[in-house]
Amino acid sequence: MSPITHFLVGWVTANSQRLSQRERVVVTLAGVASDIDGAGIVAELATRSWDQPLLWYSKYHHTVGHNLSFAVLAAIVGFVVAERRWLTAGLAFLSVHLHLLGDVVGSRGPDGFQWPLSYLFPFSDRWKWTWNGQWELNAWPNFVVTFVALGLTFFLAWKRGVSPLEMVSAKANRAFVETLRRRFPRNA
């Protein structure tokens with residue numbers, strides 16, 4: 001699934017409970033942070049003409065951040081920075097696992113390659129997650145998941161008064177929520 005979809009699913013997960021802004025940010029970012037292991041694409045592209053290119057994306061994407069250890073790390077971060085420690089840690093853990101699930105079901109490349117997830121990395125390479133029905137990254141089910149998550153994000157912003165914009169600007173968040181509420185009045 002795309003990073004945008006992971007972000008929206010993380011946001012919806014963060015808003016499944018009443019959390020503080022900091023706690024919502026942690027849970028939301030946990031849902032997208034797994035893809036930090038995709039940053040190796042920069043080195044891979046920059047060195048592709050070398051005799052021994054750095055294959056950091058090919059070797060480590062869907063490995064380093066896509067496993068149980070990373071989910072535990074996200075939960076620990078959630079526990080450390082939150083007031084509602086166990087709830088935030090649990091939702092951060094869940095958010096990472098929703099990311100993993102999304103990648104297992106909807107991340108097949110156009111060449112048919114499935115990104116297997118080494119769930120027990122770095123301790124074991126024994127349990128790899130794949131699904132032979134995995135749809136391509138640009139397949140219609142991914143668009144459906146994205147639009148459903150976007151719709152839930154808009155609904156939650158309208159109902160609770162917070163949107164993902166709060167992560168960058170309180171003023172932008174207020175303007176967005178007010179616009180939604182003017183367009184779709186609560187008493188209508």
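Colleague: Is Val 148 buried, partly exposed or exposed?

Modeller: A residue is called buried under 20% relative accessible area, exposed over 50%, and partly exposed in between, with a 1.4 Å probe and only protein chains considered. Val 148 has a relative accessible area of 47%, and therefore is partly exposed. Please note that this is a predicted model, in which local features need pLDDT of at least 70 and side-chain atom pairs count only at pLDDT 80 or more, whereas totals for chains, interfaces and linings use all residues. Residues are numbered from 1 along each chain as its sequence is written, and side-chain values use heavy atoms, with hydrogens and water left out.

Colleague: How many helices and strands does the chain have?

Modeller: There are eight helices and two strands, in the order α-α-α-α-α-α-β-β-α-α from the N terminus on. The C-alpha trace spans about 65 × 35 × 30 Å along its principal axes. Of the 188 residues, 40% count as buried.

Colleague: How do helix 2 and helix 5 pack?

Modeller: Two packed helices are described by the angle between their axes and the distance between the axes. The axes are lines fitted to C-alpha atoms, for helices over the stretch in contact, and angles run from 0 to 180 degrees between N-to-C directions. Helix 2 (residues 21-33) and helix 5 (residues 68-81) meet at an angle of about 170°, with their axes 10 Å apart. Helix 2 is therefore roughly antiparallel to helix 5; the term applies over 145 degrees, while under 35 is roughly parallel, 65 to 115 roughly perpendicular and the rest oblique. Arg 22, Val 26, Ala 30 and Ala 33 of helix 2 make the contact with Phe 70, Ala 74, Gly 78 and Val 81 of helix 5. Contact means heavy atoms within 4.5 Å.

Colleague: How many salt bridges does a search of the whole structure find?

Modeller: Side chains of opposite charge can pair when their charged atoms come close. The criterion for a salt bridge is a side-chain nitrogen of Lys or Arg within 4 Å of a carboxyl oxygen of Asp or Glu. The search finds three. In one of them, Arg 24 pairs with Glu 166, the closest N and O atoms being 2.7 Å apart. Arg 24 is in helix 2 and Glu 166 in the loop between helix 7 and helix 8 (170-183), so that distant parts of the chain, 142 residues apart, are linked. Both Arg 24 and Glu 166 are buried.

Colleague: Which parts does the pair of Glu 136 and Arg 108 tie together?

Modeller: The side chains of Glu 136 and Arg 108 form a salt bridge at 3.7 Å, N to O. Glu 136 lies in the loop between strand 2 (128-129) and helix 7, and Arg 108 in the loop between helix 6 (85-106) and strand 1 (117-118), so the pair ties together parts 28 residues apart in sequence. Glu 136 is partly exposed at 27% relative accessibility, and Arg 108 is partly exposed at 25%. A further salt bridge joins Lys 128 to Asp 125, with the closest N and O atoms 3.4 Å apart.

Colleague: Which peptide bond is cis?

Modeller: Most residues other than glycine have a negative phi, and most peptide bonds are trans. The bond from Phe 121 to Pro 122 is cis, with omega near 5°. Pro 122 lies in the loop between strand 1 and strand 2.

How values were computed. Helix = DSSP H or I, 4+ residues; strand = E, 2+ residues; numbered from the N terminus.
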